[in-house]
Structures are given as C-alpha cells and as structure tokens.
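Please look over the sequence and the structure shown here before reading on.

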Amino acid sequence: MHAPRPAAPAPAPARALSRRGVLTAVGALGLGGLLSACDGDGDKDSDGGNGSSANSSAGGGTWRFKDDRGTTVEADRTPKRLVAFVGAAAALHDLGIECTGVFGPTKLKNGRPDPRAGGIDVDKVTILGNTYPQFNVERYAGLRPDLLIAQMTDPPALWYVPKESAEKIESLAPSVGILTTKSSLTHVIDRFADLAKSLGADLTADPVTSAAKRFKSASADLRRAAGAARAKGRGGLKVMVVSGSADILYVAAPDAFTDLRYYESLGVEFVTPSKTGAGGFWQELSWENADMYEADLILVDDREGNLQPADLKKTKPTWARLPAVRADLTFPWAAEERYSHAGYAPRIEQLAAALGQSEPVTS
C-alpha cells in the first residue's frame with residue numbers, strides 16, 4: 001500500500017506474557033482492563049494458515065495463541081488489558097472484545113470517529129496516536145498492557161507500529177499479528193474470530209451469528225449481481241479500484257487485497273494492472289496516463305487524505321474524461337474496513353447495488 005508501512009524486528013518463536021520492563025519504563029498508572037466477551041464465525045476456506053488448534057480459549061489453564069508470524073504467545077491467564085491497531089480493535093469489538101487502548105486512525109479532523117473505528121466508542125478508549133508514526137510509548141506502558149494486537153501487510157511488521165520505537169514497544173508486552181493481505185477475506189475474518197474466542201468470545205452470541213448470516217446473504221447477492229453484470233453487453237462490466245493523490249493515481253492489484261480477491265471469487269471482473277510497485281499492491285500512474293485502463297465502474301479509496309471523486313473531477317482533466325466518471329459510475333471503496341462479518345456485510349451489499357446500477361460505458 002502507499003500508506004505508511006511500518007517495520008518491526010523479527011519476533012522470537014514464542015513469547016510469554018510478562019510485565020517486566022513496564023514498571024521500570026514508567027510508573028504504574030493503573031488503568032484497569034475492560035471485560036471481554038466475543039465471537040466471530042465464518043465459512044472456513046482452503047487458504048491454510050494457523051488453525052485454532054494451536055489456540056486455547058479462556059476458562060482455565062495456560063492461554064496461548066499462534067499468530068500469522070508463526071509466533072506462539074503464552075500466558076498463565078487470559079489477557080485482559082488489550083491494546084490494538086484501531087481496525088483490529090474494531091473487529092474484536094464486533095465480536096464482543098473491548099480494547100483498553102488503540103492506535104492508528106481513530107478520529108477524523110473534525111473529532112468524529114474515523115470509519116475504521118467501527119463501533120468503538122472513541123471517547124472511552126485511550127488513543128496512543130491517531131496518525132503514523134504517532135505512538136505514545138509512555139502512555140502505552142502506563143496502560144500495563146497484557147497484549148498488543150495489530151494487522152500485518154508485510155510480515156513481520158505490525159501495521160502502524162513505528163519502526164523507530166518498535167523494539168521498545170515490543171519489550172513492554174507480547175504481540176499478535178494477523179496477516180490481512182494476499183489471503184482470503186473469510187480466512188482473515190476467521191483469524192480474528194479465533195483470536196477473539198481465545199480471549200473469551202461467545203461465538204454463539206446473537207449479534208455475531210446475525211452478522212454472519214447477513215454476510216452470507218450479501219455474498220449471495222453479489223454473486224448474482226456479478227453474474228448479471230457479466231451478461232450485460234460488450235463483454236460485461238470491468239471494475240477498476242483506485243486511490244488518488246495530488247501527483248499519482250494508484251490502481252489496485254485485486255489479488256493483493258483480501259476483499260477484492262473475495263469479490264473476484266464471487267464473479268466480479270476487475271481491471272488488473274500490468275505491473276505493480278513494491279509489495280505488489282498498486283500500479284502508480286501519472287495523471288497524464290490515468291486513462292491507461294478502460295473501466296465501466298470505478299471504486300475509489302475513501303480514506304481521509306485521499307482525493308475523492310468530486311475533487312478529482314475538478315482538478316484532474318484526465319480523470320474527468322474517463323468513461324465511468326462521465327457516466328457517474330464511481331463508488332466508494334473502504335480500503336481498510338474492519339475484518340468482521342459486521343464490517344464487510346454492508347460493503348458487499350453496496351458493491352452488489354453498484355453493479356446493479358452500472359452499464360457498460362467502454363468501447
């Protein structure tokens with residue numbers, strides 16, 4: 001991705017939960033942990049990965065969880081004081097687990113919750129940093145964390161953990177990393193469910209099972225919409241996914257993003273860039289070359305700080321001339337949606353509706 005990609009030192013194969021170093025790093029501020037209860041169910045896929053057999057649920061004995069770096073974290077009790085990247089915290093919130101602290105985009109400039117915060121009450125959690133590379137290490141230590149949780153796009157780096165302070169942060173509490181790119185969306189959702197269950201989740205809770213049913217129904221709707229789109233004239237509909245900045249139009253490689261891979265498996269036809277930059281996520285085009293690919297429908301990265309369709313239409317002539325733009329067939333894309341059924345069900349519904357509203361506009 002073109003957003004900051006923090007790096008972290010490679011972890012040891014296994015780490016035990018310990019607060020050694022916390023009290024010496026900062027005085028104990030004594031912020032208590034929040035109660036946990038969670039869930040997250042989903043269809044299992046064939047991507048492999050670290051199965052839940054290596055993880056133990058709360059309820060006595062040693063707690064352990066094997067993350068997507070191959071690291072097994074162990075403790076003599078279930079972690080309670082959790083600190084997480086805001087997207088990971090939002091996924092856990094949907095499953096019933098609350099985090100004491102978060103880092104990453106939590107509040108917008110106007111003070112309202114960032115969409116990546118999901119259902120988190122952003123006024124009740126400790127925010128350690130809202131933008132990269134902000135991460136208040138002393139405040140983090142003061143929370144007396146049991147566990148740090150973050151997503152990963154380029155293992156073993158933890159998303160939004162600053163490279164320059166990663167070693168100190170990792171010394172204060174063990175961490176869990178969940179890989180969220182170049183994998184199956186359902187697999188990533190299941191990984192967060194595995195983690196939540198190990199932390200005390202009730203996977204049969206009504207909000208969780210209801211969200212899973214909505215996700216399944218939305219997926220069926222998208223499959224039908226994709227089939228109808230393929231049946232439309234001139235070879236069906238081609239969807240291009242982009243992110244816009246002042247100097248560059250980034251075209252997403254669908255295989256690099258778990259959500260786009262999932263939509264593709266349901267029949268959505270994406271524009272695939274001919275080459276990509278570092279990491280394989282995007283092809284970078286100058287605005288003079290913004291018309292390199294033909295697309296009938298364009299999904300636009302809706303994260304704060306990226307140029308949105310109205311601004312692009314006013315300031316970028318090549319954007320304004322694209323057939324899908326002229327036909328007003330641009331729709332928002334959540335590049336960093338939280339990985340839960342509750343998070344993605346509405347997004348899938350929106351994409352199905354967008355396909356239904358679109359017609360071929362390219363020659």
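## A sheet and its surroundings

Strands β10 and β11 pair in the antiparallel sense over five bridges, where pairing requires that DSSP finds at least two bridges between two strands. Helices (H or I, at least four residues) and strands (E, at least two) are DSSP runs, numbered from the N terminus. This is a predicted model, in which local features need pLDDT of at least 70 and side-chain atom pairs count only at pLDDT 80 or more, while totals for chains, interfaces and linings use all residues. Residues are numbered from 1 along each chain as its sequence is written, and side-chain values use heavy atoms, with hydrogens and water left out.

**The five-stranded sheet**

- The open sheet is built from five strands in the order β11-β10-β9-β12-β13, and its pairing is mixed.
- Its edge strands, each pairing on one side only, are β11 (282-286) and β13 (330-333).
- On average, and with direction ignored, neighbouring strands of this sheet are turned by 35° against each other; axes here are lines fitted to C-alpha atoms, for helices over the stretch in contact, and angles run from 0 to 180 degrees between N-to-C directions.
- Strands β9 and β10 run antiparallel and are joined by three bridges, and the two form a hairpin with three residues between them.
- Within these pairings, V242 stands opposite V251 in β10, while the bridge partner of V251 in β11 is Q283.
- Towards β13, strand β12 (residues 297-301) runs parallel to its neighbour and is joined to it by four bridges, with D301 having W333 as its bridge partner in β13.
- Strand β10 (residues 248-252) is mostly covered, since four of its five residues are buried, a term that stands for under 20% relative accessible area, against over 50% for exposed and partly exposed in between (1.4 Å probe, protein chains only).

**Helix α11 and its partners**

- Helix α11 (residues 341-357) lies across β9 (239-244), β12 and β13, and runs at about 145° to β12.
- Helix α6 (residues 206-230) packs with α11 at an angle of about 20°, their axes being 8 Å apart.
- The two helices α6 and α11 are therefore roughly parallel to each other, because angles under 35 degrees count as roughly parallel, over 145 as roughly antiparallel, 65 to 115 as roughly perpendicular and the rest as oblique.
- The crossing in which α6 passes α11 is left-handed, a word used if the near helix is turned anticlockwise from the far one by less than a right angle, with right-handed used if clockwise.
- Where α6 and α11 meet, the residues of α6 include A211, F215, L222 and A229, and those of α11 include Y344, I348, L351 and L355, with contact meaning heavy atoms within 4.5 Å.
- By class, the contact of α6 with α11 has 16 nonpolar, two polar and three charged residues, where Ala, Val, Leu, Ile, Met, Phe, Trp, Tyr, Cys and Pro count as nonpolar, Asp, Glu, Lys and Arg as charged, and the others, Gly among them, as polar.
- Helix α7 (residues 258-265) also packs with α11, at an angle of about 50° and with the axes 12 Å apart, and α7 and α11 are therefore oblique to each other.
- The crossing of α7 and α11 is right-handed, and in it D259, Y262 and Y263 of α7 meet Y344, R347, I348 and L351 of α11.
- The contact of α7 with α11 has five nonpolar, no polar and two charged residues.

**Covered positions**

- In the segment after α11 lies S358, which counts as buried because its relative accessibility is 0%.
- Not counting residues up to four places away in sequence, S358 touches K232, L237, L297, L329 and F331.
- Helix α2 (residues 86-94) is mostly covered, with eight of its nine residues buried, and what covers these buried residues includes β4 (82-85), β5 (101-103), β7, α5 (185-198), α6 and α11.
- Just after α2, G96 takes a positive phi of about 105°.
- Strand β7 (residues 147-152) holds L148, which counts as buried at 0% relative accessibility.
- Leaving aside neighbours within four places in sequence, L148 has among its contacts V83, F103, Y140, I169 and V176.
- The C-alpha atoms of L148 and G101 are separated by 9.4 Å, although these residues are 47 residues apart along the chain.
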